[in-house]
Amino acid sequence: MLERYTFSGFLASNLHLEEEIIPCLENGCRHLHLKKGDFALRVGETCRHSFFVERGLLKQYTIDGKGKEHVLLFAPEHWFAANIETVHFGRPSNYFMEAMEDTDLLLIDQPVIDKLSERYPTFRGFNTRLLHAHIRELQERVTLLLSASAEERYLDFIERFPYLPLRISQIQIAAYLGITPEALSRIRRELAERNSGRRMIKGGK
């Protein structure tokens, strides 16, 4: 079962920061509670903050001209989520950020991050690593979508988010993988049959 952290608990348990940074950062944050289906950000809006998910699940996605949904990111507990285009460049968002469940967020204002980065080199390093991790995540997503088979993308999703299939629908998973729900059902069925065959062979030895 996933352990629940508050933001301060997450920082204290996972990062090596000066003790005075955590209250400074928390004081520059705002709490936001979303009901399932509420939006943290809509297409066309701008914001100057990132999101930390304390509880629940965010989905970042876009809708094409044909009304088809394309999911860029799922952000469960302890994930940071941000639309870099609007936070760092002030441009209107091209994505929606929607709560898939009742969700508790911390809104971390970018000016606060900038001030702490100037004052504390360790925090500047943490913020840089966080940005690089976000860029790496996006690059890996693009690589998978361009070069991996649908089955490989599904297996990668299960490895990254082993508990999410219990919380979201196959339609949402398919939108993340860039395939149809029917294709996802076929992949799941073929994997189940393959695994069942392996167990039968192993059991017969």
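Helices and strands are here DSSP runs numbered from the N terminus, a helix having at least four residues and a strand at least two. The model described in this passage is a predicted one, and the names of its elements follow that numbering.

In the second largest pocket, the lining draws at least two residues from each of strand β5 (69-75), helix α5 and helix α7. Among these elements, α5 gives the most to the lining, with 4 residues. The space in this pocket amounts to about 190 Å³, and the residues that line the pocket are T62, H70, V71, L72, Y95, L138, R141, V142, L145, A175, Y176 and G178. When the lining of the second largest pocket is sorted by class, 8 residues are nonpolar, 3 are polar and 1 is charged.

Rolling a probe the size of a water molecule over the atoms shows where empty space is left. A search of the whole structure returns 1 cavity of 30 Å³ or more, and the volume of the largest cavity is about 50 Å³. Its lining consists of R141, L144, L145, R153, D156, F157, Y176 and L177, with at least two residues supplied by each of α5 (121-147), α6 (150-160) and α7 (170-177). By class, this lining comprises 5 nonpolar and 3 charged residues, whereas no polar residue takes part.

Elsewhere in the model, 4 strands form an open sheet with antiparallel pairing, in the order β1-β8-β3-β6. The edges of this sheet are β1 (29-34) and β6 (80-81), each of which pairs on one side only. Strand β3 (residues 49-55) is joined to β6 by 2 bridges, and the two strands run antiparallel; F52 has F80, in β6, as its bridge partner.

Strand β8 (residues 103-109) contains T103, a residue that counts as buried because its relative accessibility is 0%, and buried means under 20%. The side chain of T103 reaches two backbone atoms, namely the nitrogen of L57 at 3.1 Å and the oxygen of E101 at 2.7 Å. Leaving aside residues up to four places away in sequence, T103 touches L32, H33, L34, V53, R55, G56 and L57. Of these contacts, L32, H33 and L34 fall within the range of β1 (29-34), while V53 and R55 fall within that of β3 (residues 49-55).

Key. Residues numbered from 1 in each chain as written. Predicted model: local features only at pLDDT ≥ 70, side-chain atom pairs only at ≥ 80, totals over all residues. Heavy atoms only, no water. 1 Å grid on protein atoms, 1.4 Å probe; cavity = no way out; pocket = protein on both sides within 12 Å on 5 of 7 lines; lining within 4 Å. Points joined across faces, edges and corners; volume = space filled by probe spheres on them. Nonpolar A, V, L, I, M, F, W, Y, C, P; charged D, E, K, R; others polar. Buried < 20%, exposed > 50% of the residue type's maximum accessible area, 1.4 Å probe, protein only. Polar contact = N/O pair within 3.5 Å; in protein donor to acceptor, adjacent residues only side chain to side chain. Contact = heavy atoms within 4.5 Å. Pairing = 2+ DSSP bridges.
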